[in-house]
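User: Could you take me through one part of this model in some detail? I'd like to start from a single residue and then look at its surroundings.

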Amino acid sequence: LDKISNLLLDIIDYTKEIQYVQSSIFVPYISAYVPKKEQDRFNRKVISKLGLLDSQIHLVGMAEAIKDDPNEIVTFQKQIPKFAQLLMPIWKKRFYLPRSICLES
């Protein structure tokens, strides 16, 4: 059990490190150097390739990733239909949190 516990702690640490790298390096780089149209097209492709449930989880994850960036929040709100935005708290509670609980410290 100790070995499993240590492995889980390692996974959590690695996940936090990946999240930090994404939010501090990749997101600013992509925002600065990838044209907005390409970003939008990529997001639409990702969502269309995912199934309904995965799309919901992806949208909530995107919202969580940008929740501290007012400029990205405005962009997100412009791009995501109002209906989906209204449902996101439900999706977060039902689908996202059960899958991401292991990432919380």
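Does Q56 count as buried or exposed?

Analyst: Happy to take a look! Q56 counts as buried, because its relative accessibility is 11% (buried is under 20% relative accessible area, exposed over 50% and partly exposed in between, with a 1.4 Å probe and protein chains only). This is a predicted model, where local features need pLDDT of at least 70 and side-chain atom pairs count only at pLDDT 80 or more, while totals for chains, interfaces and linings use all residues. Residues are numbered from 1 along each chain as its sequence is written, and side-chain values use heavy atoms, with hydrogens and water left out.

Q56 sits in helix α3 (helices are DSSP runs of H or I with at least four residues, numbered from the N terminus). Leaving aside residues up to four places away in sequence, Q56 touches W91 and F95 (contact means heavy atoms within 4.5 Å).

Now for the helix itself. The axes of α3 and α4 come within 9 Å and cross at roughly 155° (axes are lines fitted to C-alpha atoms over the stretch in contact, with angles from 0 to 180 degrees between N-to-C directions). That makes α3 roughly antiparallel to α4, a term for angles over 145 degrees. On the α3 side the contact is made by L59, M62, A63 and I66, and on the α4 side by E72, I73 and F76. By class, this contact has 6 nonpolar, no polar and 1 charged residues (Ala, Val, Leu, Ile, Met, Phe, Trp, Tyr, Cys and Pro are nonpolar, Asp, Glu, Lys and Arg charged, and the others, Gly among them, polar).

Pockets come next. A pocket is an open set of points on a 1 Å grid over the protein atoms alone, with protein on both sides within 12 Å along at least five of seven lines, and lining residues have an atom within 4 Å of a point. The largest pocket holds about 1,500 Å³ of space, a volume being the space filled by probe spheres set on the points. Of its 38 lining residues, Q22, V27, G61, M62 and A65 are closest to the centre. Helices α1 (2-33), α2 (36-49), α3 (52-66), α4 (70-79) and α5 (82-100) each give two or more residues to this lining, and α1 supplies the largest share, 8 residues.

The second largest pocket has a volume of about 200 Å³. Its lining includes A63, I66, I73 and F76, and α3, α4 and α5 give two or more residues to it. This lining divides into 7 nonpolar, 2 polar and 3 charged residues.

Methods: On a 1 Å grid over the protein atoms alone, a cavity is a set of points where a 1.4 Å probe fits but cannot get out, and a pocket is an open set with protein on both sides within 12 Å along at least five of seven lines; lining residues have an atom within 4 Å of a point. Angles under 35 degrees count as roughly parallel, over 145 as roughly antiparallel, 65 to 115 as roughly perpendicular and the rest as oblique.
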